[in-house]
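Good morning, and thank you for coming.

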Amino acid sequence: MKQEKKTEGELLSEKLLSDHKHAGLLLSSEEISKADVFCEDYKKYLDEAKTEREAVIKTVTLAEAAGFKPFVRGKKYKAGDKFYYNNRGKAIILGVMGKESLESGVRLAAAHIDSPRMDLKQNPLYEEQDFALFKTHYYGGIKKYQWAAIPLSLHGVVIKSNGESITVNIGEDENDPVFCVTDLLPHLAQQQMKRTPAELIKGEELNILVGSMPFKDDKVSNKIKLNIMSILNEKYGIIEDDFMSAELEAVPQFKAKDIGFDRSMIGAYGQDDSSCAYTALKAILEVNKPKHTCLTCLTDKEETGSDGNTGLNSSYLAYFIDDLASAYGLKGHNVISASECLSADVNSAVDPTFQDVTEKRNASKLNYGVVATKFTGARGKSGTSDASAEFVGRIRRLFDENGVIWQTGELGKVDLGGGGTVAQFIANLDMDVIDVGVPVLCMHAPFEVTSKIDIYMAYKAFAVFFAD
Ligand code: MN
Ligand code: MN
């Protein structure tokens with residue numbers, strides 16, 4: 001067939017105008033299958049690492065299998081040496097020593113491993129109307145009504161009065177019981193439905209159902225509560241006061257699943273930010289003798305504003321880099337100032353049903369690749385580090401030259417809302433930072449949606465950053 005000659009306008013438009021395509025049209029079927037295979041292990045990770053503590057445990061297992069050893073302060077590491085620093089079992093930094101001196105800075109990827117959920121209060125167990133329930137305080141920004149009437153599992157630790165630590169994980173095994181927050185039937189919800197959606201289920205109504213059978217003894221009151229305590233005592237050796245020194249987190253019980261007839265997407269709890277934590281982790285596990293020293297920091301407390309000694313608004317990352325630098329007689333802050341960071345966090349993608357919250361020229365889309373977000377924040381860019389044009393240009397070249405399919409993004413229309421990531425805290429240390437992560441639908445819902453190709457592109461983005 002004779003090829004029609006392109007018009008001047010067509011040629012000019014190809015040359016000058018931006019034309020982003022669905023990654024499914026850009027990638028070969030082999031590359032798409034690579035993404036599918038990659039995501040099989042990702043789904044396992046999602047099921048095994050639903051909380052920050054579980055993510056650290058899983059990370060240590062994978063890291064040790066890949067030759068990483070606990071970090072030794074003061075040790076002069078050689079190029080290719082692999083180490084990890086476990087911060088209180090809730091945050092972790094993995095490192096691979098580079099061939100160049102630390103004076104040229106590190107390549108850091110920072111993701112968070114905490115996700116929105118319901119935490120048990122310190123005096124959680126009570127009895128009401130012949131039911132035993134747990135009081136909770138939700139963690140992170142949630143639409144509370146989404147968390148009622150779904151199966152929940154319980155994860156965390158209980159520290160007994162003698163200091164012994166008991167690990168709890170109930171609801172994930174097929175044979176385990178699960179828990180739930182009750183909600184009203186529509187028939188009797190006329191008053192409830194008049195509440196504003198923010199209060200459809202109120203914070204103090206996020207009470208978790210944990211039992212309904214009495215302890216058989218007419219002499220005691222609170223028989224249902226006593227029966228639950230008796231079961232917990234038998235299984236874990238704990239008493240009611242032990243809840244005071246516990247961190248127990250209720251999360252959606254369901255497993256990660258493929259979404260769609262074409263299986264192109266993944267639905268799961270905690271993809272904000274497991275999608276970036278897992279990909280940044282995989283990328284560093286595969287690093288070998290890099291030019292620059294590479295670090296992946298998997299942090300806690302992002303969803304509550306990054307405060308606390310396991311969050312990135314604390315000094316633990318800077319202290320760690322200082323420890324690393326001191327062994328060579330260098331100053332930590334000089335290493336930090338010369339470093340570059342990809343703040344690995346998700347961005348909100350255009351939702352086909354709720355398109356009007358996004359400005360479509362600038363919002364990210366599922367299947368258009370990993371998202372590089374120059375700034376986040378809200379109301380006149382408040383609460384953002386806003387990556388410099390120079391650093392965006394540098395990352396743009398890096399991705400384009402290495403076949404990373406990527407797009408830009410923003411967190412919703414101007415003045416409609418907004419949000420932040422850990423980027424600002426790292427930038428405040430005097431490091432160049434840009435947000436790079438996976439576009440997500442239903443962010444902060446019990447079931448979040450991502451695309452397999454985007455997950456794979458995030459992994460590729462971190463890998464080329466480390467290799468550069
Ligand atoms: Mn996040
Ligand atoms: Mn979040």
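What you see is a predicted model, in which local features need pLDDT of at least 70 and side-chain atom pairs count only at pLDDT 80 or more, while totals for chains, interfaces and linings use all residues. Residues are numbered from 1 along each chain as its sequence is written, chains are lettered from A and ligands numbered from 1 in the order in which they are written, and side-chain values use heavy atoms, with hydrogens and water left out. Helices (H or I, at least four residues) and strands (E, at least two) are DSSP runs, numbered from the N terminus.

Let me begin with helix packing. Which residues of α6 meet α11? On the α6 side they are Q271, S275, C276, T279, A280, K282, A283 and I284, and they meet I455, A458, Y459, F462, A463 and F466 in α11. By class, this contact of α6 with α11 has 10 nonpolar, three polar and one charged residues. Here Ala, Val, Leu, Ile, Met, Phe, Trp, Tyr, Cys and Pro count as nonpolar, Asp, Glu, Lys and Arg as charged, and the others, Gly among them, as polar.

As for geometry, the axes of helix α6 (residues 271-285) and helix α11 (residues 452-467) come within 8 Å and cross at roughly 40°. Axes are lines fitted to C-alpha atoms, for helices over the stretch in contact, and angles run from 0 to 180 degrees between N-to-C directions. The two helices, α6 and α11, are therefore oblique to each other. On this scale, angles under 35 degrees count as roughly parallel, over 145 as roughly antiparallel, 65 to 115 as roughly perpendicular and the rest as oblique. The crossing of α6 and α11 is right-handed; a crossing is left-handed if the near helix is turned anticlockwise from the far one by less than a right angle, and right-handed if clockwise.

Helix α6 has a further neighbour in helix α3 (residues 29-48), and the axes of α3 and α6 come within 10 Å, crossing at roughly 125°. That makes α3 oblique to α6, and the crossing is right-handed. From α3 the contact draws on F38, D41, Y42, Y45 and L46; from α6, residues including Q271, S275 and K282 take part. Seven nonpolar, four polar and two charged residues make up the contact of α3 with α6.

I turn to the sheets. Two strands pair if DSSP finds at least two bridges between them. Nine strands form an open sheet of mixed pairing, in the order β1-β2-β3-β14-β4-β15-β19-β17-β18. Strands β1 (69-70) and β18 (406-408) stand at its edges, each with a single partner strand, so one side of each is left without a neighbour in the sheet. Within this sheet, β17 (residues 370-373) and β19 (residues 432-437) pair in the antiparallel sense over three bridges, and T373 stands opposite D435 in β19. Helix α7 (residues 316-326) lies across β2, β3, β4 and β14, running at about 155° to β14.

An open sheet of seven strands has the order β8-β7-β11-β5-β6-β10-β9, with antiparallel pairing. Its edge strands, β8 (165-170) and β9 (180-181), each pair on one side only. Seven bridges join β7 (residues 152-159) to β11 (residues 246-252), with A250 in β11 as the bridge partner of L154. Helix α5 (residues 223-236) packs on this sheet, touching β5, β6, β8 and β10. Strands β5 and β6 pair over eight bridges, L125 standing opposite F134 in β6. In their hairpin, which has two residues between the strands, Q129 takes a positive phi near 50°.

Finally, the metals. Donors are N, O and S atoms within 2.8 Å of the metal (3.2 Å for Na, K and Ca), and water is not among the atoms, so sites may look incomplete. For the manganese ion (ligand 2), D272 (OD), E303 (OE), E303 (OE) and H444 (NE2) coordinate at 2.0 to 2.6 Å. The two manganese ions are 3.3 Å apart, and D272 coordinates both.

How values were computed. Contact = heavy atoms within 4.5 Å.
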